[in-house]
Amino acid sequence: MVKLDDITVTKGIVKEYMEDLLDYTDMDVAIGGGGPSGIVAGYYLAKAGYKVALFERKLSIGGGMWGGGMMFNKVVVQEEGKRILDEFGIRSKEYEEGYYIVDSIESTSTLTSKATQAGLKIFNLMSIEDVLIRENGINGVVLNWSSVEMAGLHIDPLTMRSKALIDATGHPTEVTKIVTEKLGRKIKTQTGTVMGEGSMWADRAEGNILKNVTEIYPGLYVTGMAANAVHGSPRMGPIFGGMLLSGEYVAKKVAKDLENRE
Ligand code: 48H
(Lines give C-alpha, C1' and ligand atoms only; values in the text may rest on other atoms or scores of the structure.)
Protein backbone atom coordinates (compact mmCIF):
# COMPACT_ATOMS: atom_id res chain seq x y z
CA MET A 1 0.00 0.00 0.00
CA VAL A 2 1.35 3.45 -0.95
CA LYS A 3 1.44 5.85 2.02
CA LEU A 4 -0.72 8.79 0.91
CA ASP A 5 0.96 12.17 0.79
CA ASP A 6 -1.40 15.17 0.66
CA ILE A 7 1.13 17.27 -1.23
CA THR A 8 1.39 14.67 -4.00
CA VAL A 9 -2.40 14.92 -4.39
CA THR A 10 -2.09 18.70 -4.81
CA LYS A 11 0.82 18.47 -7.26
CA GLY A 12 -0.94 15.82 -9.35
CA ILE A 13 -4.13 17.83 -9.71
CA VAL A 14 -2.46 21.18 -10.41
CA LYS A 15 0.08 19.79 -12.90
CA GLU A 16 -2.42 17.71 -14.87
CA TYR A 17 -4.96 20.54 -15.01
CA MET A 18 -2.35 23.07 -16.14
CA GLU A 19 -1.18 20.71 -18.87
CA ASP A 20 -4.74 20.44 -20.18
CA LEU A 21 -5.23 24.19 -20.02
CA LEU A 22 -2.00 24.89 -21.91
CA ASP A 23 -2.78 22.19 -24.45
CA TYR A 24 -6.13 23.81 -25.29
CA THR A 25 -4.79 27.34 -25.77
CA ASP A 26 -4.86 26.28 -29.44
CA MET A 27 -7.66 24.06 -30.70
CA ASP A 28 -9.80 23.30 -33.72
CA VAL A 29 -13.22 23.98 -32.19
CA ALA A 30 -14.41 25.69 -29.01
CA ILE A 31 -17.97 25.14 -27.80
CA GLY A 32 -19.73 27.60 -25.49
CA GLY A 33 -22.28 25.87 -23.27
CA GLY A 34 -22.63 22.31 -22.02
CA GLY A 35 -26.30 21.59 -22.62
CA PRO A 36 -27.34 18.63 -24.78
CA SER A 37 -26.66 20.34 -28.13
CA GLY A 38 -23.13 21.38 -27.13
CA ILE A 39 -22.27 17.97 -25.71
CA VAL A 40 -23.55 16.15 -28.81
CA ALA A 41 -21.65 18.55 -31.09
CA GLY A 42 -18.49 17.90 -29.08
CA TYR A 43 -19.00 14.14 -29.24
CA TYR A 44 -19.24 14.05 -33.04
CA LEU A 45 -16.33 16.46 -33.56
CA ALA A 46 -14.10 14.53 -31.16
CA LYS A 47 -15.09 11.26 -32.83
CA ALA A 48 -14.10 12.73 -36.19
CA GLY A 49 -10.63 13.50 -34.77
CA TYR A 50 -10.94 17.25 -34.10
CA LYS A 51 -9.36 18.88 -31.07
CA VAL A 52 -12.43 20.26 -29.34
CA ALA A 53 -13.13 21.78 -25.93
CA LEU A 54 -16.40 22.77 -24.32
CA PHE A 55 -16.62 25.62 -21.79
CA GLU A 56 -19.46 25.48 -19.28
CA ARG A 57 -20.26 28.18 -16.75
CA LYS A 58 -21.83 25.89 -14.18
CA LEU A 59 -20.42 23.12 -12.01
CA SER A 60 -22.57 20.54 -13.74
CA ILE A 61 -22.75 19.72 -17.43
CA GLY A 62 -26.16 19.16 -19.02
CA GLY A 63 -27.85 22.55 -19.07
CA GLY A 64 -31.63 22.30 -19.19
CA MET A 65 -31.78 18.54 -19.69
CA TRP A 66 -31.55 17.50 -16.02
CA GLY A 67 -34.84 19.10 -15.05
CA GLY A 68 -37.11 17.42 -17.62
CA GLY A 69 -40.46 19.17 -17.99
CA MET A 70 -41.27 21.35 -14.98
CA MET A 71 -39.00 19.22 -12.75
CA PHE A 72 -40.64 15.93 -13.80
CA ASN A 73 -37.32 14.43 -14.78
CA LYS A 74 -38.32 12.89 -18.10
CA VAL A 75 -37.83 14.34 -21.56
CA VAL A 76 -39.40 13.50 -24.91
CA VAL A 77 -37.48 12.68 -28.07
CA GLN A 78 -39.35 12.28 -31.35
CA GLU A 79 -38.76 9.61 -34.01
CA GLU A 80 -36.03 11.57 -35.87
CA GLY A 81 -33.84 11.82 -32.77
CA LYS A 82 -34.23 8.20 -31.65
CA ARG A 83 -31.17 6.99 -33.61
CA ILE A 84 -28.95 9.40 -31.63
CA LEU A 85 -30.33 8.03 -28.35
CA ASP A 86 -29.50 4.56 -29.68
CA GLU A 87 -26.00 5.56 -30.72
CA PHE A 88 -25.26 6.82 -27.19
CA GLY A 89 -26.94 3.78 -25.62
CA ILE A 90 -29.64 5.85 -23.88
CA ARG A 91 -32.75 3.79 -23.14
CA SER A 92 -36.15 5.09 -24.21
CA LYS A 93 -39.76 3.99 -24.04
CA GLU A 94 -42.27 4.61 -26.84
CA TYR A 95 -45.17 6.28 -25.06
CA GLU A 96 -47.26 6.85 -28.18
CA GLU A 97 -46.26 6.40 -31.78
CA GLY A 98 -43.24 8.65 -32.41
CA TYR A 99 -42.94 9.95 -28.81
CA TYR A 100 -40.03 8.43 -26.91
CA ILE A 101 -39.79 9.09 -23.16
CA VAL A 102 -36.30 9.23 -21.71
CA ASP A 103 -35.09 9.52 -18.13
CA SER A 104 -33.39 12.91 -18.04
CA ILE A 105 -30.75 11.81 -15.52
CA GLU A 106 -29.74 8.81 -17.65
CA SER A 107 -29.66 10.88 -20.83
CA THR A 108 -27.65 13.80 -19.41
CA SER A 109 -25.08 11.65 -17.66
CA THR A 110 -24.72 9.25 -20.60
CA LEU A 111 -24.27 12.05 -23.15
CA THR A 112 -21.56 13.56 -20.94
CA SER A 113 -19.82 10.28 -20.30
CA LYS A 114 -19.78 9.16 -23.95
CA ALA A 115 -18.66 12.57 -25.19
CA THR A 116 -15.71 12.85 -22.80
CA GLN A 117 -14.69 9.28 -23.59
CA ALA A 118 -14.81 10.11 -27.30
CA GLY A 119 -12.23 12.85 -26.61
CA LEU A 120 -14.26 15.98 -25.90
CA LYS A 121 -12.40 18.09 -23.33
CA ILE A 122 -14.76 19.80 -20.91
CA PHE A 123 -13.75 22.81 -18.83
CA ASN A 124 -16.51 23.49 -16.32
CA LEU A 125 -16.79 26.55 -14.06
CA MET A 126 -15.60 28.85 -16.86
CA SER A 127 -17.62 31.50 -18.67
CA ILE A 128 -17.04 32.87 -22.14
CA GLU A 129 -17.11 36.63 -21.55
CA ASP A 130 -15.78 37.81 -24.90
CA VAL A 131 -14.57 36.47 -28.25
CA LEU A 132 -11.44 37.00 -30.32
CA ILE A 133 -12.47 38.89 -33.46
CA ARG A 134 -9.97 39.31 -36.29
CA GLU A 135 -10.25 40.37 -39.96
CA ASN A 136 -11.25 36.85 -41.04
CA GLY A 137 -13.88 36.39 -38.30
CA ILE A 138 -13.96 34.71 -34.90
CA ASN A 139 -10.61 33.30 -33.81
CA GLY A 140 -11.21 32.15 -30.25
CA VAL A 141 -12.76 32.65 -26.84
CA VAL A 142 -12.04 34.95 -23.91
CA LEU A 143 -12.59 33.16 -20.61
CA ASN A 144 -12.92 33.86 -16.96
CA TRP A 145 -13.75 31.75 -13.93
CA SER A 146 -17.50 31.73 -13.27
CA SER A 147 -16.72 32.44 -9.61
CA VAL A 148 -14.99 35.69 -10.64
CA GLU A 149 -18.08 36.63 -12.65
CA MET A 150 -20.42 35.68 -9.77
CA ALA A 151 -18.42 37.64 -7.19
CA GLY A 152 -18.24 40.65 -9.50
CA LEU A 153 -14.47 40.83 -9.09
CA HIS A 154 -12.48 43.06 -11.42
CA ILE A 155 -10.13 40.42 -12.80
CA ASP A 156 -9.06 40.29 -16.43
CA PRO A 157 -9.77 37.18 -18.50
CA LEU A 158 -7.49 34.92 -20.58
CA THR A 159 -7.79 33.92 -24.22
CA MET A 160 -7.74 30.64 -26.14
CA ARG A 161 -7.48 30.30 -29.91
CA SER A 162 -9.87 28.16 -31.98
CA LYS A 163 -10.51 27.81 -35.70
CA ALA A 164 -14.27 27.69 -35.10
CA LEU A 165 -16.61 28.55 -32.25
CA ILE A 166 -20.05 27.05 -31.58
CA ASP A 167 -22.62 29.01 -29.60
CA ALA A 168 -24.53 26.35 -27.62
CA THR A 169 -25.52 28.66 -24.76
CA GLY A 170 -29.25 27.98 -25.13
CA HIS A 171 -32.01 30.56 -24.64
CA PRO A 172 -29.77 33.59 -23.89
CA THR A 173 -27.52 33.08 -26.98
CA GLU A 174 -24.72 34.65 -24.98
CA VAL A 175 -21.86 34.20 -27.43
CA THR A 176 -23.79 35.57 -30.40
CA LYS A 177 -24.96 38.50 -28.29
CA ILE A 178 -21.32 39.34 -27.50
CA VAL A 179 -20.65 39.55 -31.25
CA THR A 180 -23.64 41.81 -31.91
CA GLU A 181 -22.72 44.02 -28.94
CA LYS A 182 -19.22 44.48 -30.35
CA LEU A 183 -20.08 44.73 -34.05
CA GLY A 184 -23.71 45.84 -34.31
CA ARG A 185 -26.09 44.40 -36.92
CA LYS A 186 -23.55 42.16 -38.63
CA ILE A 187 -24.77 38.60 -38.08
CA LYS A 188 -26.54 36.53 -40.74
CA THR A 189 -30.17 36.70 -39.62
CA GLN A 190 -33.13 38.46 -41.24
CA THR A 191 -32.51 41.53 -39.05
CA GLY A 192 -28.72 41.32 -38.75
CA THR A 193 -29.02 40.85 -35.01
CA VAL A 194 -30.38 38.32 -32.46
CA MET A 195 -34.10 38.05 -33.25
CA GLY A 196 -35.22 36.36 -30.00
CA GLU A 197 -37.22 33.19 -29.52
CA GLY A 198 -40.93 32.88 -30.19
CA SER A 199 -43.56 31.33 -27.91
CA MET A 200 -43.92 27.61 -27.39
CA TRP A 201 -44.78 25.65 -30.54
CA ALA A 202 -43.01 22.30 -30.40
CA ASP A 203 -43.83 21.12 -33.91
CA ARG A 204 -42.73 24.33 -35.62
CA ALA A 205 -39.70 24.81 -33.34
CA GLU A 206 -38.43 21.29 -34.01
CA GLY A 207 -39.24 21.61 -37.70
CA ASN A 208 -37.17 24.81 -38.00
CA ILE A 209 -34.17 23.93 -35.90
CA LEU A 210 -31.87 22.34 -38.48
CA LYS A 211 -32.27 25.20 -40.93
CA ASN A 212 -31.38 27.57 -38.06
CA VAL A 213 -28.04 25.81 -37.48
CA THR A 214 -25.92 28.28 -39.43
CA GLU A 215 -22.57 30.02 -39.53
CA ILE A 216 -23.96 33.24 -38.11
CA TYR A 217 -20.71 35.17 -38.51
CA PRO A 218 -17.44 33.92 -40.05
CA GLY A 219 -16.15 31.22 -37.68
CA LEU A 220 -19.19 31.35 -35.36
CA TYR A 221 -21.94 28.73 -35.53
CA VAL A 222 -25.20 28.41 -33.59
CA THR A 223 -26.86 25.20 -32.42
CA GLY A 224 -29.55 23.97 -30.02
CA MET A 225 -31.98 26.44 -28.50
CA ALA A 226 -29.55 29.24 -29.39
CA ALA A 227 -30.10 28.50 -33.10
CA ASN A 228 -33.86 29.00 -32.77
CA ALA A 229 -33.50 32.05 -30.52
CA VAL A 230 -31.00 33.77 -32.81
CA HIS A 231 -33.24 33.28 -35.86
CA GLY A 232 -36.56 34.13 -34.15
CA SER A 233 -38.10 30.63 -34.20
CA PRO A 234 -40.35 29.28 -31.43
CA ARG A 235 -39.31 27.36 -28.32
CA MET A 236 -40.22 23.69 -28.00
CA GLY A 237 -40.55 22.86 -24.29
CA PRO A 238 -39.16 19.57 -22.98
CA ILE A 239 -38.76 17.86 -26.34
CA PHE A 240 -35.09 17.22 -27.00
CA GLY A 241 -34.81 15.60 -30.45
CA GLY A 242 -33.86 18.94 -31.99
CA MET A 243 -31.12 19.49 -29.40
CA LEU A 244 -29.51 16.15 -30.26
CA LEU A 245 -29.98 16.50 -34.03
CA SER A 246 -28.74 20.09 -34.16
CA GLY A 247 -25.65 19.09 -32.18
CA GLU A 248 -24.89 16.40 -34.74
CA TYR A 249 -25.65 18.74 -37.64
CA VAL A 250 -23.46 21.61 -36.44
CA ALA A 251 -20.57 19.16 -35.94
CA LYS A 252 -20.90 18.03 -39.57
CA LYS A 253 -21.11 21.60 -40.81
CA VAL A 254 -18.06 22.76 -38.85
CA ALA A 255 -16.03 19.71 -39.90
CA LYS A 256 -16.87 20.30 -43.57
CA ASP A 257 -15.99 24.01 -43.38
CA LEU A 258 -12.69 23.29 -41.61
CA GLU A 259 -11.79 20.72 -44.28
CA ASN A 260 -12.54 23.22 -47.05
CA ARG A 261 -10.45 25.90 -45.34
CA GLU A 262 -7.35 23.71 -45.22
C1 48H B 1 -20.14 29.28 -20.65
C2 48H B 1 -22.45 29.27 -20.75
C3 48H B 1 -22.46 30.63 -21.09
C4 48H B 1 -21.21 31.31 -21.21
C5 48H B 1 -24.51 29.95 -21.00
O6 48H B 1 -29.70 25.70 -22.17
P7 48H B 1 -28.90 24.51 -22.53
O8 48H B 1 -29.38 23.20 -22.08
O9 48H B 1 -28.70 24.56 -24.13
P10 48H B 1 -29.18 23.59 -25.33
O11 48H B 1 -29.48 24.49 -26.46
O12 48H B 1 -28.20 22.52 -25.57
O13 48H B 1 -30.50 22.91 -24.81
C14 48H B 1 -31.62 23.67 -24.58
C15 48H B 1 -32.55 22.91 -23.63
O16 48H B 1 -31.91 22.60 -22.43
C17 48H B 1 -33.72 23.80 -23.37
O18 48H B 1 -33.58 24.73 -22.57
C19 48H B 1 -34.94 23.63 -24.11
C20 48H B 1 -35.13 22.50 -25.06
N21 48H B 1 -35.85 24.53 -23.92
C22 48H B 1 -37.09 24.66 -24.61
C23 48H B 1 -38.02 25.59 -23.89
O24 48H B 1 -39.10 25.84 -24.46
O25 48H B 1 -37.70 26.07 -22.78
O26 48H B 1 -27.42 24.69 -22.02
C27 48H B 1 -26.71 25.88 -22.23
C28 48H B 1 -25.53 25.89 -21.29
C29 48H B 1 -25.92 26.07 -19.81
O30 48H B 1 -25.42 24.99 -19.08
C31 48H B 1 -25.27 27.39 -19.40
O32 48H B 1 -24.77 27.37 -18.09
C33 48H B 1 -24.16 27.52 -20.41
O34 48H B 1 -24.70 26.99 -21.61
N35 48H B 1 -23.73 28.89 -20.69
N36 48H B 1 -21.32 28.59 -20.52
N37 48H B 1 -20.08 30.60 -20.98
N38 48H B 1 -21.14 32.60 -21.53
N39 48H B 1 -23.76 31.02 -21.24
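User: How many Å does helix 2 reach from its first C-alpha to its last?

Analyst: Helices (H or I, at least four residues) and strands (E, at least two) are DSSP runs, numbered from the N terminus. Helix 2 has twelve residues, for which 16 Å is expected at 1.5 Å a residue; the expected span is 1.5 Å times one less than the number of residues. The reach of helix 2 is close to that expectation, at 16 Å.

User: Which pLDDT do local features need in this predicted model?

Analyst: Residues are numbered from 1 along each chain as its sequence is written, and side-chain values use heavy atoms, with hydrogens and water left out. This is a predicted model, in which totals for chains, interfaces and linings use all residues, side-chain atom pairs count only at pLDDT 80 or more, and local features need pLDDT of at least 70.

User: How many of the twelve residues of helix 2 are buried?

Analyst: Buried means under 20% relative accessible area, exposed over 50%, and partly exposed in between (1.4 Å probe, protein chains only). The buried residues of helix 2 include P36, G38, Y43, Y44 and L45. Helix 2 is thus described as mostly covered, and the number of buried residues among its twelve is eleven.

User: Which residue just after helix 2 takes a positive phi?

Analyst: The phi in question is about 95 degrees. The residue that takes this value, just after helix 2, is G49.

User: What is the separation of the end C-alpha atoms of helix 4?

Analyst: Helix 4 covers residues 104–118, which makes 15 residues. At 1.5 Å a residue they should span 21 Å. The separation of the end C-alpha atoms agrees with this, at 21 Å.

User: Which strands and helices do the buried residues of helix 4 pack against?

Analyst: Among the buried residues of helix 4 are E106, T108, L111 and A115. The strands that the buried residues of helix 4 pack against are strand 3 (74–78), strand 5 (99–103) and strand 6 (121–124). The helices are helix 2 (36–47), helix 3 (82–88) and helix 9 (241–261).

User: Which backbone nitrogen does a side-chain oxygen of D103 reach at the start of helix 4?

Analyst: A polar contact is a pair of N or O atoms within 3.5 Å; within protein, one must be able to donate a hydrogen and the other to accept it, and residues adjacent in sequence count only if both atoms are side-chain atoms. At the start of helix 4, the side-chain oxygen of D103 comes to within 2.9 Å of the backbone nitrogen of I105.

User: Which residues does T110 contact, leaving aside its neighbours within four places in sequence?

Analyst: T110 lies in helix 4 and counts as buried because its relative accessibility is 15%. Its C-alpha is separated by 9.6 Å from that of L85, 25 residues apart along the chain. Contact means heavy atoms within 4.5 Å. With neighbours within four places left aside, the contacts of T110 are F88 and I90.

User: Why are helix 7 and helix 9 described by one word for their relative direction, and which word is it?

Analyst: Axes are lines fitted to C-alpha atoms, for helices over the stretch in contact, and angles run from 0 to 180 degrees between N-to-C directions. Helix 7 (residues 202–212) and helix 9 pack at about 10 degrees, with their axes 9 Å apart. Angles under 35 degrees count as roughly parallel, over 145 as roughly antiparallel, 65 to 115 as roughly perpendicular and the rest as oblique. Helix 7 and helix 9 are therefore roughly parallel.

User: Which residues of helix 7 make the contact with helix 9?

Analyst: On the side of helix 9, the contact is made by G241, G242, M243, L245, S246 and Y249. On the side of helix 7, the residues are E206, I209 and L210.

User: Which residues does Q78 contact, apart from its neighbours within four places in sequence?

Analyst: Q78 is found in strand 3 and is buried, with a relative accessible area of 14%. Leaving aside neighbours within four places, its contacts are G98, Y100, E206, I239, G241 and G242.

User: Is M70 buried or exposed?

Analyst: M70 is in the loop between strand 2 (52–56) and strand 3. Although not a glycine, M70 has a positive phi of about 50 degrees. Most residues other than glycine have a negative phi. With a relative accessible area of 75%, M70 is exposed.

User: What is the relative accessible area of S146?

Analyst: S146 is in helix 5 (residues 146–151). Leaving aside neighbours within four places in sequence, S146 is in contact with R57, L125, M126 and S127. S146 is buried, with a relative accessible area of 2%.
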